Amino acid sequence: MIVTVAGKPVELVLVRKRIKRMHLRTDGEKLLVSCPYGVSEAEVLYFVKASEAWIIKAIARQQTREEINREGAAGSELYWLGEPKRIRYVPANRDRLVITEREAIFYLKEKTEERITKAFRKTAAEELLRMAERERAAWDERICLAYGLPLPEIRVRHMISRWGVCHIRTRQIVLSTRLIHYPPQGFSYVLLHEYVHFLVPDHSRNFYAIVAKHMPDYKEKMRVLKQVS
Ligand SMILES: [Zn+2]
């Protein structure tokens, strides 16, 4: 079904479910509506019309998020530690990405999406590991050594649904390459968050109390990962 939002046609995907109320979300392009059985199409359209202001904002937010998370294969800019960098491609013998004050320069054997993504993730992982090396000493001491726990191994890989993972038994912290797009405060928060999981595995009040003890402004830092404008 195609509906009109802010004067533009938008695809609406309707799913009927055993729910009590209608729900609306967007992936930045389509509208995804779930509604109870028995609700008429007219009612759905009325609901969409009534939610128009929200939809316009949600689509814009989702699109900004996608832009921020671009790895260099699309668009003319990419975000590196919260700063937009102009993308430039240069033919070369070896694939690599060099970040300067204003630019993200991809040196590539061939300009393919695969090579761009690979170069991006490699450089992002290297930078994030350097940042982790700089910041981990405090948490190694105050969280691990203070409680007689072994020090973790820190790794970086591409993850979409999570910023970081803490494998308690194997003493491993895995961070997402996507952290490189956001201001470094976001990274600092996620690193501490994962360390605190060695003390408290869940996200209980106690967990956040420990986070706050070590990083009183953690909520502000956390916010940069949600910030979209
Ligand atoms: Zn967690």
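The paragraphs below go through the domains, the sheets and a pair of helices of this predicted model.

Residues are numbered from 1 along each chain as its sequence is written. Because the model is predicted, local features need pLDDT of at least 70 and side-chain atom pairs count only at pLDDT 80 or more, while totals for chains, interfaces and linings use all residues.

The domain assignment divides the protein into domain 1 (2–67), domain 2 (77–119) and domain 3 (121–223); such bounds come from an automatic or database domain assignment. Between the C-alpha centres of domain 1 and domain 2 there are 36 Å.

Next comes an open sheet of four strands, with mixed pairing and the order 5-6-8-7. Strands (E, at least two residues) and helices (H or I, at least four residues) are DSSP runs, numbered from the N terminus, and two strands pair if DSSP finds at least two bridges between them. Strand 5 (77–80) and strand 7 (96–99) are the edge strands, each pairing on one side only. From one strand to the next, the twist averages 35 degrees. Six bridges join strand 6 (residues 83–91) to strand 8 (residues 103–108) in the parallel sense.

Axes are lines fitted to C-alpha atoms, for helices over the stretch in contact, and angles run from 0 to 180 degrees between N-to-C directions. Helix 3 contributes Leu128, Met131, Ala132, Glu135, Trp139 and Ile143 to the contact, and helix 4 contributes Pro184, Phe187, Ser188, Leu191, Leu192, Tyr195 and Val196; contact requires C-beta atoms, placed from the backbone, within 7 Å.

Further strands remain. Strand 9 (residues 153–157) pairs with strand 11 (residues 172–176) in the parallel sense over five bridges, and Val156 stands opposite Leu175 in strand 11. Strand 10 (residues 164–167) pairs with strand 11 in the antiparallel sense over four bridges; there Cys166 has Ile173 of strand 11 as its bridge partner. The hairpin of strand 10 and strand 11 has four residues between the strands, and in it Arg171 takes a positive phi near 55 degrees.

Definitions and conventions: Contact = placed C-beta atoms within 7 Å.
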